[in-house]
Amino acid sequence: MTVAHTSTVDTPAGPFTAIVAPDGAVLASGWTADLALLTPQIHATLMPSEITPRPDLGDVTKATIAYHEGDLTAIDTIEVRQKSGPFLQHAWDVLRTVKAGEPVTYSEYAELSGRPAAIRAAASACARNSAALFVPCHRVIRIGGNLGGFRWGLDVKRWLLAHEN
């Protein structure tokens, strides 16, 4: 039986909730206070048998608050645990190298991920990312500067990009 923990903090972009494994790795996160919106994003093999609330998740909570207060690199060292096929796993790792304030297009992201023609696969990696913020899918935009999509809403994505600029 695996017991994970969750906590929600208020941020300027809205409530931010994270679910962490017993070792502190982020399993899912996003700008919501509703766990039911986060748990479907956790891969079945990583799904905890129980999720209990805590007021604080240690380094994850500290990094979340620090990021929203302006320390844009605070999230960089937080461990994340997601599971999928080889391309998505690699694409999520690549996404963590995209620097704050330097968004890339979906085409550039596909190229950085080693498959320049796989623009839809790169977009799918963003859409299937369960660890928003820590795997910064908000840093991928469309050609011409259009925001594209974002599970947590375009207002949140717009705020994050402005915050990082």
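**Figure 1. Lining of the largest pocket in the predicted model.** H5 gives the most residues to the lining of the largest pocket, contributing 3. This structure is a predicted model. The space in the largest pocket amounts to about 160 Å³. Its lining consists of Tyr106, Ala123, Cys126, Ala127, Asn129, Ala132, Cys137, Gly149, Phe150, Arg151, Trp152 and Lys157. Sorted by class, 8 of these lining residues are nonpolar, 2 are polar and 2 are charged.

**Figure 2. Packing of helix H3 on helix H5.** Two packed helices are described by the angle between their axes and the distance between the axes. Helix H3 spans residues 86–95 and helix H5 spans residues 119–127; they pack at about 75°, and their axes lie 10 Å apart. Angles of 65 to 115 degrees count as roughly perpendicular, and H3 and H5 are therefore roughly perpendicular to each other. On the H3 side, the contact is made by Phe87, Leu88, Ala91, Trp92 and Leu95. On the H5 side, Ala121, Ala122, Ser124, Ala125 and Cys126 take part. The contact of H3 with H5 has 9 nonpolar residues, 1 polar residue and no charged residues. Cys126 of H5, part of this contact, is also among the residues that line the largest pocket.

Figure 3. Strands of a sheet pair through backbone hydrogen bonds, either parallel or antiparallel. S1 and S2 form a hairpin, with 2 residues between the strands. Their pairing is antiparallel and extends over 7 bridges. Within this pair, His5 has Val20 of S2 as its bridge partner, and Asp10 stands opposite Pro15 in S2. S1 also pairs with S4; these two strands run parallel and are joined by 4 bridges. Thr6 has its bridge partner in S4, namely Pro53.

Figure 4. Rolling a probe the size of a water molecule over the atoms shows where empty space is left. The model has 1 cavity of 30 Å³ or more. The space in the largest cavity is about 50 Å³. Ser7, Thr8, Val9, Phe16, Ala18, Leu57, Val60, Thr61 and Thr64 line this cavity. Strand S1 (3–11), strand S2 (14–20) and helix H2 (59–68) each supply at least two residues of the lining. By class, the lining of the largest cavity comprises 5 nonpolar and 4 polar residues, with no charged residues.

Definitions and conventions
Residues are numbered from 1 along each chain as its sequence is written. This is a predicted model: local features need pLDDT of at least 70, side-chain atom pairs count only at pLDDT 80 or more; totals for chains, interfaces and linings use all residues. Side-chain values use heavy atoms; hydrogens and water are left out. On a 1 Å grid over the protein atoms alone, a cavity is a set of points where a 1.4 Å probe fits but cannot get out, and a pocket is an open set with protein on both sides within 12 Å along at least five of seven lines; lining residues have an atom within 4 Å of a point. Grid points are joined across faces, edges and corners, and a volume is the space filled by probe spheres set on the points. Ala, Val, Leu, Ile, Met, Phe, Trp, Tyr, Cys and Pro count as nonpolar, Asp, Glu, Lys and Arg as charged, and the others, Gly among them, as polar. Axes are lines fitted to C-alpha atoms, for helices over the stretch in contact, and angles run from 0 to 180 degrees between N-to-C directions. Angles under 35 degrees count as roughly parallel, over 145 as roughly antiparallel, 65 to 115 as roughly perpendicular and the rest as oblique. Contact means heavy atoms within 4.5 Å. Two strands pair if DSSP finds at least two bridges between them.
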